[in-house]
Amino acid sequence: MIDLRSDTVTKPSPEMREVIAKAAVGDDVYGEDPSVNLLEEESARLLGKEAGLFIPSGTMGNLAAMLTHCERGSEIILGDKAHTFLYEVGGIAALGGIQAHILPNQQDGTLGLEDIRKAIRMDDIHDPPTRLITLENTHNRCGGVALTGEYTRQVGEIAKERQLKFHLDGARIFNAAAALKVNPAELVEPADSVMFCLSKGLGAPVGSVLCGEAAFIKRTRKTRKMLGGGMRQAGMIAAAGLYALEKNLPLLIQDHQRAADLARGLGGIEGLTLEHEKPPTNMVYINLARELLLNAEETAIKLKDKGVLVGITGERQFRMVVHIWINDQDVEKVIQAFKDVLS
Ligand SMILES: *Cc1c(COP(=O)(O)O)cnc(C)c1O
């Protein structure tokens, strides 16, 4: 099977499994797991932050950061297509008593600067206090677009000016840095906290890392424990994360090239239209024309018969995510499978 449903489907390579088997471990709740400590240090170094915190998932990373930044009854500004708003089971509301102040995500994944300014609450007896602004980079539901350092800096300035915190859902921040050809630390510099996933394009089996100032990370370590995310000999998975940062991070750009090849091939097929003429990073969102008899679900079943798995993101829309296990031949096979199914 050529599995393009997500970059989360990436399984550990034999080399990574060897690293896992040999990992030095200890009890991480006691702060004694050398592999976890190294991963946290290395992550913070890569992102230019003081400290890091290893977290079981991206969802828990965002949640722990938001619970630490915000008290009950306060408000977070975030996009209507943000992963945190759409796909994290309402955790900030259910577990944090935090209200989401939703602004429209523009096509390029940004929030309008004027919209943000207007959404920040006044110091009025009626208003919930605004505590946090959140951005997502790359922006998943907006096609994997990368938000620029310049835009992020402008949002950071608003946050500073109004004494708000600024969190970045950087599940795929290294894809953004690769696409923009910038240092990832530059992209996240204005943010007080940033979460990234090891378990997506980086190809590790489990885990995310949250980075920020040392005092914030110390407080969030406690929040993570409260959420049940304190792990013991987690070095087994942290070692895979370290391997991923060293060996797989430099390969992300190849995923982007292959996504471009895939888009070029699919864009030439009658009845298919691309969301982005050139995919911004590793994702290809594609729409089926109305004239075609098949909808997305029916097409996906036929593609599956040809050995291709795609994500369904709408009645007539697919998402395909290119990752470390997809090679040039696979890209050709996927294009051919679409041609066969739609002809
Ligand atoms: C995947 C993802 C998350 C959550 O990560 P999980 O490890 O799946 O919980 C958060 N934000 C974005 C943008 C993501 O793509």
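**A buried loop residue and an enclosed strand**

N140 counts as buried because its relative accessibility is 8%; buried means under 20% relative accessible area, exposed over 50%, partly exposed in between, with a 1.4 Å probe and protein chains only. This is a predicted model, where local features need pLDDT of at least 70, side-chain atom pairs count only at pLDDT 80 or more, and totals for chains, interfaces and linings use all residues. Residues are numbered from 1 along each chain as its sequence is written, and side-chain values use heavy atoms, with hydrogens and water left out.

Student: Which residues does N140 touch, not counting residues up to four places away in sequence?

Tutor: Start with its place: N140 lies in the loop between β5 (130-136) and α7 (149-161). Helices (H or I, at least four residues) and strands (E, at least two) are DSSP runs, numbered from the N terminus. Contact means heavy atoms within 4.5 Å. With residues up to four places away left out, N140 touches H83, R172, M283, Y285 and R319.

Student: How many residues of strand β7 are buried?

Tutor: Take the two faces of β7. S193, M195 and C197 are buried on one side, and V194 and F196 are buried on the other. Strand β7 (residues 193-197) is largely enclosed by the rest of the structure, because its buried residues number five of the five.

Student: Which residue of β7 is the bridge partner of D169?

Tutor: Two strands pair if DSSP finds at least two bridges between them. Strand β6 (residues 165-169) pairs with β7 over three bridges, in the parallel sense. In β7, D169 has as its bridge partner M195.

Student: Which residue in β8 is the bridge partner of C197?

Tutor: Now turn to strand β8 (residues 208-212). β7 and β8 run antiparallel, joined by five bridges. The partner of C197 in β8 is S208.

Student: What share of the residues of the protein chain count as buried?

Tutor: The protein chain holds 14 helices and 13 strands. Its C-alpha atoms fill a box of roughly 60 × 55 × 35 Å, taken along the principal axes. Of its 343 residues, the share that count as buried is 57%.

Student: Among contacts between residues at least 6 apart in sequence, what share join residues at least 24 apart?

Tutor: The separation here is counted along the sequence. For the protein chain, the share joining residues at least 24 apart, among contacts between residues at least 6 apart, is 73%.
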